[in-house]
Structure formats: structure tokens, C-alpha cells
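Student: I would like to go through a structure one feature at a time. Please give the idea behind each reading, then the case at hand.

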Amino acid sequence: MSSTLKSLRALADPTRLRIMALLEKDELSVNELQEITRMGQSRISTHLGLLQDAGLLQSRRDGKRTCYRLNQEADAVAREFIQLAVRGARETEEYAADRLNLKRVLTRRNEQAQVYFNQIAGRFDRAYGPGRSWQAFGHLLLRILPSLVVADLGSGEGLLSELLARRCKRVIAVDNSEKIVAFGAAKARKNGLKNLEFRLGHLENPPVDPDSMDLVILSQALHHAAVPAEAIGSAHRILRRGGQVMILDLLQHQFEKARELYGDRWLGFAESDLHRWLEAAGFKKIEVSVVAHEEHPPHFQTILAGGVK
């Protein structure tokens with residue numbers, strides 16, 4: 001049987017015209033079509049099968065459901081039949097009721113989609129969501145980062161430095177441990193990151209030329225410094241005019257075991273201290289704020305501070 005005859009046969013039933021009209025603007029599942037038309041599942045499925053066999057519909061699996069829509073890849077002849085079917089459906093006596101039921105079903109679908117987000121409102125940043133990870137967010141943010149020259153002071157093995165090096169013009173990672181610097185440098189070579197250089201040095205006097213950096217980062221490093229104010233002053237020294245410093249550290253806390261467990265010299269910092277040290281170093285446009293709270297003891301809070309030279 002030719003495609004034209006198949007289409008004519010498929011559209012010979014008013015119920016199938018109704019289905020075509022319902023699928024004009026959105027795809028619908030078999031259950032949704034049942035609810036709108038008040039027909040049984042087997043009857044709806046039979047009609048859908050004939051329409052799909054005629055090349056007028058497409059279907060896809062969505063878990064246990066099958067969803068249908070008008071054939072987006074239909075040829076010119078089939079497109080004509082689709083238009084005629086939609087036009088013809090408007091003349092059926094069920095058309096008005098079908099539109100009302102369709103609106104109700106789609107409204108409920110949208111409301112159900114919001115249920116999850118309403119339930120986790122206020123804790124969205126701590127709830128699991130497929131594909132939502134800080135690693136993924138980090139790569140996204142790196143794509144919008146301009147090509148900078150960056151110093152990562154107190155870099156450790158260079159996790160942040162490696163990410164930055166994949167986008168930035170040049171990254172200098174500074175740490176005071178010979179073994180960590182050797183490990184980081186070897187890893188950078190292995191990963192082919194020729195623009196990432198590890199240097200041995202201290203936060204208070206990093207081996208970086210004055211006025212040479214666009215951005216200086218101290219990420220969870222300042223609480224290891226012997227004199228935090230001097231480390232911030234050194235960051236100012238190695239920045240170009242207009243360059244920025246960004247400090248991620250812990251808000252002042254009382255978890256004394258941090259000294260033993262993590263080798264911390266300082267139990268975090270007060271916002272006022274960071275602001276005062278940045279100002280004393282000569283930074284302008286200073287911003288200091290708490291950006292994260294841990295739910296579990298000892299309830300560490302992370303503080304972000306920044307300024308412009």
C-alpha cells in the first residue's frame with residue numbers, strides 16, 4: 001500500500017484526528033492520551049500504531065512510558081496530511097473538551113516537575129542531582145575565565161593549579177614542601193601542562209617577580225602561614241596594577257584538633273581580620289563574605305575574600 005493510501009486510511013477515523021490535534025504542540029504519553037480522551041489503553045495504542053505506521057507520528061521510550069509526537073521528519077506529502085488532520089480535528093465535537101483536558105494534563109505535568117525543587121528549596125546546593133558536581137561547575141567556570149597569568153600560593157600538589165593551567169596563559173604554583181613540589185611538577189609533565197610551573201617557597205616571600213601576576217590565589221593556604229598579613233602583602237607585591245587576589249579559607253572556629261589533624265597554624269580568620277590585612281596591604285574594592293557552611297561537626301564555614309591592586 002502506498003504512503004498516500006496509508007495516510008488516508010489512518011486519518012479516516014475521527015478519533016485519530018483528535019490524537020493528531022492533541023500532539024500538535026507537545027508530545028504525550030499513552031496514559032496522558034487516555035486521560036484526555038477518556039479511552040482505554042488498548043484502543044489508544046491501536047490508533048497510535050496505525051498513525052505511526054503511516055509515518056505521521058514518532059515515538060520514544062521514557063523509562064516505562066512511551067511518548068508520541070507528530071513526525072518531525074515527515075516528507076512533504078505526510079506534512080500535508082498532518083496539517084489536514086489537525087484542521088479536521090477542529091470540526092469534531094470533542095475538540096473543545098480535548099483542549100481543556102490537554103491544558104489540565106500539561107499544567108499538572110509542569111507542577112509535578114516543580115515538586116522536587118520545592119521539596120529541596122533551601123538545601124538545593126547540598127542535595128544530589130545527576131551531573132551537578134563542583135568538578136563539573138569548575139570546568140564550566142574555567143571556560144569563561146580569561147587567559148591570565150596566575151600564582152597559586154600554597155598550592156599543595158596542584159589540584160587547582162592543574163585546572164587553571166588548562167585555561168590560563170601561565171600558572172606558577174608555590175609550596176614550601178620539596179616532596180609536594182616534586183610530585184606536582186612530575187604530574188604536570190605527565191599531563192603535558194607546559195604552562196604550569198612548580199616552585200619551592202613560602203607564602204610570606206614567594207619566588208615570583210614583582211608586578212608580574214594577573215591573579216593571586218590563596219586557597220585554604222593562609223591558615224598555614226606563619227604571618228598571614230605578610231602573605232597578603234606578598235600577594236600585593238607580585239600582582240600587576242589592576243590584578244586581583246582571591247583568598248578561600250576557613251572562618252574563625254574553635255576546632256583545636258585542626259592543628260594536629262591538618263597541620264593548621266591558625267583556626268580560621270575573622271572577616272574583619274582579612275579585611276584589615278587586605279586594606280593594609282594596599283588592596284582596593286575589598287569584598288569579604290562567608291560562601292559555604294558545612295552541615296556536620298565541626299561545622300566549618302568557608303570565607304571568600306578578594307581585592308584589587
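Student: Which exposed residues does the face of α9 turned away from its buried side carry?

Tutor: A word on the source before that: this is a predicted model. In α9, the face turned away from the buried side carries the exposed residues Lys179 and Lys190. The buried residues of α9 are Val181, Gly184, Ala185 and Ala188. Seen down the axis of α9, these buried residues fall within an arc of 100°, so they line one face of the helix.

Student: What covers the buried residues of α9?

Tutor: The cover includes two strands, β5 (170-175) and β6 (196-200).

Student: How far apart are the end C-alpha atoms of α9, and what span should its residues give?

Tutor: Helix α9 covers residues 178-190, and its 13 residues at 1.5 Å a residue should span 18 Å. The end C-alpha atoms of α9 are 18 Å apart, so the two values agree. After α9 comes glycine 192, with a positive phi near 70°.

Student: Which residues other than glycine have a positive phi?

Tutor: Glutamine 220 is one of them, with phi near 50°. Histidine 299 is another, with phi near 60°. Glutamine 220 lies in the loop between β7 (213-219) and α10 (228-238), and histidine 299 in the loop between β9 and β10.

Student: Is the peptide bond from proline 297 to proline 298 cis or trans?

Tutor: Omega decides that. For this bond omega is near 5°, and the bond is cis. Proline 298 is placed in the loop between β9 (284-293) and β10 (301-308), where histidine 299 is also found.

Student: Which residues are closest to the centre of the second largest pocket?

Tutor: The second largest pocket has a volume of about 430 Å³. Of its 22 lining residues, Gly154, Gln220, Ala221, His223 and His224 are the closest to the centre. The lining of this pocket divides into nine nonpolar, nine polar and four charged residues.

Student: Where is arginine 90, and what is it in contact with?

Tutor: For contacts, set aside the sequence neighbours and see what remains. Arginine 90 sits in the loop between α5 (76-89) and α6 (95-119). Leaving aside neighbours within four places in sequence, arginine 90 is in contact with Glu24 and Tyr95. Tyr95 is also among the residues that line the largest cavity. Arginine 90 counts as partly exposed because its relative accessibility is 45%. Its C-alpha atom is separated by 75 Å from that of glycine 233, 143 residues apart along the chain.

Conventions. Residues are numbered from 1 along each chain as its sequence is written. This is a predicted model: local features need pLDDT of at least 70, side-chain atom pairs count only at pLDDT 80 or more; totals for chains, interfaces and linings use all residues. Side-chain values use heavy atoms; hydrogens and water are left out. Helices (H or I, at least four residues) and strands (E, at least two) are DSSP runs, numbered from the N terminus. Buried means under 20% relative accessible area, exposed over 50%, partly exposed in between (1.4 Å probe, protein chains only). Contact means heavy atoms within 4.5 Å. On a 1 Å grid over the protein atoms alone, a cavity is a set of points where a 1.4 Å probe fits but cannot get out, and a pocket is an open set with protein on both sides within 12 Å along at least five of seven lines; lining residues have an atom within 4 Å of a point. The expected span of a helix is 1.5 Å times one less than its number of residues. The arc is that of the directions from the helix axis to the C-beta atoms. Grid points are joined across faces, edges and corners, and a volume is the space filled by probe spheres set on the points. Ala, Val, Leu, Ile, Met, Phe, Trp, Tyr, Cys and Pro count as nonpolar, Asp, Glu, Lys and Arg as charged, and the others, Gly among them, as polar.
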